[in-house]
Amino acid sequence: MISLSAHGLRNTPDPSRRGFLIAMMGAGVMLGYARSGLGAVPAGRASDLFEPTIWYGIDPSGTVTVNIVRAEMGQHVGTALARIVADELEADWNKVRTVTVDSDPKWGLMITGGSWSVWQSFPLLSRAGAAGRIALVEEGAKLLRVHPTACTARDGAVHANGRSIPYGDIVARGDLRRTYTPEQLKGMPVKPALQRRLIGKETMALDVPSKVDGKARYGIDASVPGMVYARPKVPPTRYDSKVVSVDDSAARRLPGYLRSIALEDPSGTAPGWVIVYADSFTTANRAADLVQVRWQSGPAAQVSERDLQQRAAELIADPKGGSLMVDDAGVDAAISSAKRKLERTYTTTTVMHYALEPVNALAFEKDGVFEIHTGNQWQSSILPVLAKALGRSEDKIVMRSYLLGGGFGRRLDGDYAVPAALAAKAMGKPVKMICTRADDMRFDCPRSASRQVLRLAWGEGNRIAAMEHHAAAGWPTAHIAPYFMPKDAKGNLYDLFAISGADHWYSVGAHRVRALRHDLADRTFRPGYLRSVGAGWTSWAVETFMDEAARAAGVDSLAFRLSLLDGAGRNAGTAPNSIGGARRQAAVLARAAQKAGWGQPVPKDVGIGLASTFGQERTMPTWVACAARVRVNRTNGHVTVEKLSLVIDAGTIIHPDSATAQVEGAALWGLGMTLYEGTEFLNGQPKDTNLDSYRVLRMGDVPEIEIEFMPSTEAPVGLGEPATTAVAPAIGNAIFTATGARLRDLPIRPAAVLAALRRQ
């Protein structure tokens, strides 16, 4: 261990993450960051606080505290939401702070996912900010003894006739007891886009300073006096495993080991779990390795990845199964009568989350309320499950929110809170349960393997007459929130998040999209949401298929796509979220192609591939285009991505720096899942449970990335995931351009490239 005393810091170095960060700051890293703005707990409610809505308050010092109901996992969502409030409020940004709230029902649906946060919050927070500004102007006018029409609000003060009064003074001296009903807020006028002063402008994200100086608190940092630690023994199958015996004789020799308990879980979330308790996590971790558990495993113990793909093929082959998300008349007739058709099958393998912070939770009972301290993306979905597991009503359970050391959809499923709560209940004292990396992966809710069959039929005049898309995969929503699943015209439920993206904006004549729930996947593991979710595989299939269709038709693939993105009929778009429709997708595609030098000569074995998507959901399309430039080594099959050019139209951009960071992260996540990430199920378990064998994107793999946002004042939509959807097909299409080898299965590893080259 390195002594830091020579640097005048301290004699005994603190080996913790926080200690390291503090030491680094003390060593003279002067980064000049702005103030810390991310509180760990909600602010107190002083009687003189002005709170026109539940979303923020202003105290007599003029400080504006914005309540954040979304999880912070590196996307700077708190900053974006606070900017929306502050812009309409005409607040002094230097006096804006955020607090992360707990799971009080007053916040309504608490979920952070689907790239929904800004899209859903913008109308609400804009009107809330406008309401506060109007009230402050009215009361400020009284204090200035002028008419409100003579006043303007700017930088946290009301101004009139060369005089001004700060918001804090208005709060301290004025009469601001007014509040607003939801109906009043719904009709609240907001500023025209041209009058915005903070939205679209750069600023340091509020959560950055505390993350740099080590003061930020993640779920894994949560602690209370008197707590003990626990590590689980995860059973051999996700479902139907039963504990036969527990032998902890070897663990008893460890000082600090307490006991091991087989959990009883009425919710069925963690069947067959054994919890190993100790006075430190180090001891709990060592003890868990020594405790011997015999299980009677469930029937999924023999399932393999090959079985999953075979079952998906069987499901697709049955024309009677599934739900029809899109079902135009005339598909069968057009395909059966077509003189020219194209049919292709695409697959993706199982993908894990691998968040840097393994799942964990601290649980304990205090004053009759069960508290769960953890990082979570969907508090509203797990509270009912916790209530069932603990045998108490939801109003006797509260979740305290913390920063997430990686979400990516893993923490949309709060299943890990259940064994932690049960462990605390069984022990009768506060318990901090931490999963190791391997525990986390074996208990992960992975992105399901998928299989898709697409067909296209050409009619008269080389016009596309029909297209159909059949997709089989595990359905996460069926497990986590079945009430979120829509019905097709025949009343059949389907998981929108496992098929969105297939309902694309291309004009292809009669269109059919069929979603099939993968029953064997559902019995083997708990399908989960993973960044971009279903659009991560549907877009892979659609955009690869479009490339193949263009080449089959003998048309340039850019021109082919643009001809189909005509904005006709249902692809015209509607207000407020998809104004312009497919023509906006065509615009980003044309721009990305231009930036990448589409059509210009490239060296041998180098290719540029295009792909264009709408992100995920038709109700909130984020128009995305990606041009990938790759180099293929024909000797070893290695693919090097040299450059990604991305053009995005996400409507109004709230916080440009965060937006860019989100697109970068999403694009690189997509690159990782294209070339590296993925595992397979063997004997009912994921084969790779740690990063020694599970390959993720590394620093040396990162290509040049060029990002451009289309200027827009349209409604802001999502940015956390859309770029992920376009990268894989762009790379696959680029490989074909470079070599003529077509890849239809993700991930694209060197062996698959070599095999495709040999098939030519």
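This is a predicted model: local features need pLDDT of at least 70, side-chain atom pairs count only at pLDDT 80 or more; totals for chains, interfaces and linings use all residues.
Residues are numbered from 1 along each chain as its sequence is written. Local features need pLDDT of at least 70 and side-chain atom pairs count only at pLDDT 80 or more, whereas totals for chains, interfaces and linings use all residues; side-chain values use heavy atoms, with hydrogens and water left out.

The chain comprises domain 1 (46-213), domain 2 (219-299 + 359-434) and domain 3 (306-351 + 447-758), with bounds from an automatic or database domain assignment. Over C-alpha atoms, the centres of domain 2 and domain 3 are 37 Å apart. Contact (heavy atoms within 4.5 Å) involves 13 residues of domain 2 and 16 residues of domain 3.

The area buried between domain 2 and domain 3 is about 1,100 Å², with 56% of it on carbon and sulfur atoms; buried area is the accessible area (1.4 Å probe) lost by two parts on being put together, summed over both. On the domain 2 side, Tyr-239, Trp-378 and Phe-408 lose the most area to domain 3, and together they account for 50% of what that side buries.

Two salt bridges cross this interface, a salt bridge being a side-chain nitrogen of Lys or Arg within 4 Å of a carboxyl oxygen of Asp or Glu. Arg-526 and Asp-415 form a salt bridge in which the closest N and O atoms are 3.9 Å apart.

Five cavities of 30 Å³ or more are found; a cavity is a set of points on a 1 Å grid over the protein atoms alone where a 1.4 Å probe fits but cannot get out. Grid points are joined across faces, edges and corners, and a volume is the space filled by probe spheres set on the points. The largest cavity has a volume of about 110 Å³. Its lining consists of 17 residues (an atom within 4 Å of a point), of which Thr-237, Arg-238, Arg-442, Phe-443 and Gln-685 lie nearest the centre.

Notes
On a 1 Å grid over the protein atoms alone, a cavity is a set of points where a 1.4 Å probe fits but cannot get out, and a pocket is an open set with protein on both sides within 12 Å along at least five of seven lines; lining residues have an atom within 4 Å of a point.
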